[in-house]
Amino acid sequence: MSTAQARAVFQAEGPFQSAEIQRRDLQPHDILIEIKYAGICHSDIHSARGEWGPVQYPFVPGHEIAGIVAAVGSAVTGHTVGDRVGVGCMVDSCGECVHCHNGEEQYCLEGMTGTYGAVDRYGQYTQGGYSSHIVVTEEFVVRIPDGIALDAAAPLLCAGITTYSPLRHWEAAPGKKIAVVGLGGLGHMAVKFAHAMGAEVTVLSQTLKKKEDGLKLGADRYYATSDAETFKALAGSFDLIVNTVSAQIDINAYLSLLAVDGTLVNVGAPSEPLPVQVFSLIPQRRSFAGSSIGGIRETQEMLDFCAEHGITPEIEVISADRIDEAWERVLASDVKYRFVIDIATL
Ligand code: NAP
Ligand code: ZN
C-alpha cells in the first residue's frame with residue numbers, strides 16, 4: 001500500500017478536510033498516476049451527499065482525472081512513465097461480458113467499478129481523484145492528446161464523454177435539430193460537440209443570463225425555459241433533446257418539444273423520479289431514453305475528436321481549499337462552465 005494525500009468529506013454535509021488514503025501496491029497491469037487536475041462534476045455532489053444511496057465516509061470524490069504516469073506494473077504495455085493520461089468514472093469491469101467485449105464497460109453485466117464509492121476486485125473501497133495519486137488497471141487509463149492541456153483535459157473524462165456518447169449514438173449530424181437542456185458542465189460540452197458534428201443546436205436554459213456565452217460556444221438558438229412561450233414556439237421541433245439537468249423538471253413539457261420519432265435522452269441524474277405521461281410519447285412515436293458515460297474506446301475517440309477539432313471545456317481552475325465554495329456555486333448553477341482543482345494545492 002502507498003499513502004496518497006486527498007480532500008475528503010467525513011459526513012454528507014461536508015466540509016472538505018485533508019485526509020490520507022491508501023492506494024494498492026502496483027499489480028502487473030496497474031498504472032500509478034500522479035494526479036495534476038481533477039474536475040468537479042455534479043455527480044460528485046449527488047454521491048457525497050448520499051442522494052444516490054449510502055456511501056462510506058471519509059469519501060473522496062473526483063472522476064475527471066488528468067495526470068502523469070509515475071510508475072507502471074511489470075506487464076503494462078500501453079503506457080510508460082511520463083505519459084499524459086486520464087481516468088474517468090470507471091476503474092474496472094468484469095472484462096468478459098458482452099458489453100465489456102463491445103467496449104461498453106459502463107454497461108458491464110456485473111456492474112462497472114466506479115472510480116469512487118465502489119468496492120473493487122481487491123475488496124478496497126474506491127476513492128476518487130481529489131487526491132495526489134491513483135492506481136488504475138491499464139485498460140481504464142486513456143491517453144491525453146498533446147494538443148490538450150491537462151487542466152482542460154480533466155472535464156472531458158466525464159462531462160465530455162457523457163455528452164459525446166449519446167450525440168454519436170443518436171447520430172448528431174448536419175440536418176439534425178438538437179436541443180441541450182441546462183448550460184452547466186455537461187451542457188456546455190454537449191453544445192460544443194453537437195455544433196462540431198454539424199447539427200443545429202438550441203440551448204434551453206432556465207434564463208437568458210448565459211445567452212451570449214451559449215451562442216459563442218456554438219449554439220444557433222437560445223431560449224429561456226422560465227418563459228412559457230418557449231414551449232409553444234418550439235413544440236414538435238427537435239430530433240434529439242439532451243437533458244443535462246441535475247434536478248427534477250417537468251419532463252412532459254420537454255417531451256412536447258420532440259418531433260415525430262424524436263428522442264429525449266436523460267444524462268442528468270436527479271434522485272427524484274421524472275414521471276412520464278404516455279401521451280407525451282404515443283402520438284408522435286417519441287422515445288424517452290437514458291445514457292451512461294461512454295466506454296473506454298469511445299472515451300479515447302472523444303479525446304482525439306477534441307484534439308482534431310480544437311474543442312476544450314471552459315474551465316475555472318481553483319485551489320483545493322475552495323472546493324466547498326465551488327460546490328455551492330455548482331448547486332446555484334453559477335459555474336462557467338467547469339471547476340477544476342489544481343492538485344498541486346492539496
Ligand atoms: P451542472 O454543471 O450543475 O449543470 C446542470 C445545469 O442544469 C445547471 O447549470 C443549470 O443550467 C441546470 N439546472 C440546475 N438546476 C436546475 C433546475 N432546478 N431546473 C432547471 N434547470 C436546472 O451539472 P453537471 O456536472 O453538468 O451534471 C448534470 C447532471 O448530469 C447531474 O445530475 C450529474 O449527476 C449527471 N451526470 C450524469 C452522467 C451520466 O453518465 N449519465 C455523467 C455525469 C453527470 P441552466 O443554468 O442553463 O439552466
Ligand atoms: Zn461526472
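Mentor: A salt bridge here is a side-chain nitrogen of Lys or Arg within 4 Å of a carboxyl oxygen of Asp or Glu. This is a predicted model, where local features need pLDDT of at least 70 and side-chain atom pairs 80 or more, while totals for chains, interfaces and linings use all residues. Residues are numbered from 1 along each chain as written, chains are lettered from A and ligands numbered from 1 in written order, and side-chain values use heavy atoms, without hydrogens or water.

Trainee: Thanks! How many salt bridges cross the interface of domain 1 and domain 2?

Mentor: Start with the domains, whose bounds come from an automatic or database assignment. Domain 1 covers 2-158 + 314-345, and domain 2 covers 160-290. Across their interface, the number of salt bridges found is two.

Trainee: Which residue forms a salt bridge with Asp213?

Mentor: Look for a pair whose closest N and O atoms are 3.7 Å apart. The partner of Asp213 is Lys336.

Trainee: How many residues does domain 2 bring to the contact?

Mentor: The domain centres, taken over C-alpha atoms, are 28 Å apart. In the contact (heavy atoms within 4.5 Å), domain 1 takes part with 13 residues. For domain 2, the number is 18.

Trainee: And which residues of domain 1 lose the most area to domain 2?

Mentor: Buried area is the accessible area (1.4 Å probe) lost by two parts on being put together, summed over both. Here that comes to about 1300 Å², with carbon and sulfur atoms giving 50%. On the domain 1 side, 42% of what is buried belongs to three residues together: Cys158, Glu314 and Tyr337.
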